[in-house]
Amino acid sequence: MGQAARSVARKLLESHLLEGELEPGAEIALRIDQTLTQDATGTLVMLEFEALGVPEVRTELSAQYVDHNLIQADFRNADDHLFLRSAARRWGLWFSKPGNGVSHPVHMQRFGVPGKTLLGSDSHTCAAGSLGMLAIGTGGLDVALAMAGEPYHVKMPEIWGVRLVGELPDWVSAKDVILEMLRRHDVDGGYGRIVEYHGPGLARLSAMDRHVIANMGAELGATTTVFPSDGEVRRFLASEDREGDWVELVADAGAAYDMTDEIDLSELEPLIALPSSPGNVKPVREVAGTEISQALIGSSANPGLRDFEIAARIVEGRQTDDGVSFDVNPTSRQTLEALARSGAVATLVAAGARLNQAGCLGCIGVGQAPASGAVSLRTVPRNFPGRSGTRDDQVHLCSPETAAASALAGRITDPRELGIPYPRIEPPSEQVPNVRMLVAPDPDPERPLRRGPNIKPLPRLDPLPGAIEAPVLLALGDDVSTDEIMPAGRALSLRSNIPALAEFYFAQIDETAYERACELDGHIVVGGENYGQGSSREHGALVPAFLGLRAVIANSFARIHGQNLVNFGVAPLLFRDAADHDAIEPGDLLRIDDVHAGLRAREPFTIRNVTRDRTVMVRHDLSDRQVRVLLAGGLVNEFRARDAARR
């Protein structure tokens, strides 16, 4: 019998499988070809890589970007940038200089190769699936291990085939496609799944359109998103003077999927995600007329040249409303140069745009915070509470078309109501690649690391104790994000100083959490569904571990955060009965008499609520390998033990 027809995702997984069976739910180990780190996570990754004691990176390609914390209000960000440069030079990574652009579109333009695997310490690494890569976002410690040549372990996802038919109508673009997916399936609809897009509707979606959709697959909770490497990917790579990197990678005729969906692109309309979740999606027409104070265009979720060009065409010859801050963040230096050559920069500035440097900036809450309680329209991927830097923010997610139309009107506006012809913009057949701000690898393990005073050693963590008795610090509901565990913008400059960063522990939810945690000899947190959604920043697991978090008990965990907790020796436990979540209050003293036996047995075990004299049953879905890591006190401890045994 011949080989069964295979999807693109299946082909990628099979070609990189090192251990395990490709059965949904089973743990597998994958060979990693490339890694991606950025400055908000990379400083910690480099400290972790140093702790592993490996002399240089062992991947085909590793790249370190500086794109998040670009505002140098004091020495800390500038010091970290120099530290990252020294680490890249020491261990052999590409280094993308500050201002060169957001990691995801730059990596796509310069390094993305169909058929390869990419592991990144940024949840939106999945954007590279637009080129036919298996690109997965994860915690930095997993990336440090991949840089050391270790495989990446993940539970085999189900493969979700989404068939696209039809063609997008005027004033509807790629952002509306992924918002439609979120409208249908919410922020956890992709959990444990790879989303693979296929079908005739792909024909009119450019590679950068696909990037938009793949990028925000992270907001579905998906392991990753995959597109085929077809003629459009070949055209894109040829436009970047890299046609030699193209290989065809498409699904076989009749390829089967574990589950299916279909979107008729011709039936879509402009959509918008209301505060404070990417899954809170409505048609723009239903909320039109709401006054706004900010419209921001840019970020890895709308990084393409057309996203800025179309905004320029919409506002050309007009002036944005005097009550609106119209912010434009180019996503790469190459794109900024192209916009300057086309005249789009002059058009945007003349219309009132505040032009910023190429980087993440407002997307991650680094500058551009909106006014208190005011509505901000953004083309970014997330609108979690307070992520913008304003506690009571009202961030809405939308397309560049909707953002630009609303900036002109001063209120949320359906772009179809502008009364002008839709400015269709075709992708360029030839770009002018910018490689000048990329520093090629030249490894030398004798080069010193340049450490500023804000860069502290990686904290050492103890093995998980055999018995846990600790109070509940917080009892939380559903969809708690990593931005709420550890805030993004206002704390990111402390990303390499864990003791100082710890002062922001759960500050978005409870400003007393840090002080109370410091007074305790260990604590427990209780969560609901989808605990730890959002960013891959492992600070949301390392800082709690540093402060004595022993376990999180929840109804379900977001994939990356659950894995990060294990990597730093914190037990992610699941309520056997979801209703038990409501029976635990902050301050309750919980006791687990033999947590090691409970974890090893793989059967539900008992936690006693000493305060209320009752018990609840918990379970876990960890692999045997993860249990070993957890008992060792985290991945660094476990790797060191294995490395010592090999010697």
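I take helices to be DSSP runs of H or I with at least four residues, numbered from the N terminus. I note at the outset that the model I am reading is predicted.

**Entry 1: a charged patch.** I looked up R85 and placed it in helix 3, which covers residues 75–91. On the surface, R85 gathers with R89, K97 and R450 in a patch of positive charge. I then checked the exposure of R85 and found a relative accessible area of 41%. R85 is therefore partly exposed, because that class lies between the limits of 20% and 50%.

**Entry 2: a cis peptide bond.** I turned next to the backbone at P275 and S276. The peptide bond from P275 to S276 is cis, and its omega is near -5 degrees. I located S276 in the loop that runs between strand 13 (271–273) and strand 14 (281–283). I recorded this bond because most peptide bonds are trans.

**Entry 3: positive phi at F506.** Although F506 is not a glycine, its phi is positive, at about 55 degrees. I found F506 in the loop between helix 15 (498–501) and helix 16 (513–518). With a relative accessible area of 1%, F506 is buried.

**Entry 4: positive phi at N530.** I also looked up N530, which is not a glycine and has a positive phi of about 60 degrees. Its loop lies between strand 22 (523–526) and helix 17 (539–546).

Note on methods: Residues are numbered from 1 along each chain as its sequence is written. This is a predicted model: local features need pLDDT of at least 70, side-chain atom pairs count only at pLDDT 80 or more; totals for chains, interfaces and linings use all residues. Side-chain values use heavy atoms; hydrogens and water are left out. Patches are made of residues with over 30% relative accessible area and no salt bridge: like charges are joined within 9 Å, nonpolar side chains (Val, Leu, Ile, Met, Phe, Trp, Tyr) within 5 Å. Accessible areas come from the Shrake-Rupley method with a 1.4 Å probe; for residues, only the protein chains shown count as cover. A salt bridge is a side-chain nitrogen of Lys or Arg within 4 Å of a carboxyl oxygen of Asp or Glu. Lys and Arg count as positive and Asp and Glu as negative; His and the chain ends are not counted. The place of a charge is taken as NZ of Lys, CZ of Arg, CG of Asp or CD of Glu. Helices (H or I, at least four residues) and strands (E, at least two) are DSSP runs, numbered from the N terminus. Buried means under 20% relative accessible area, exposed over 50%, partly exposed in between (1.4 Å probe, protein chains only).
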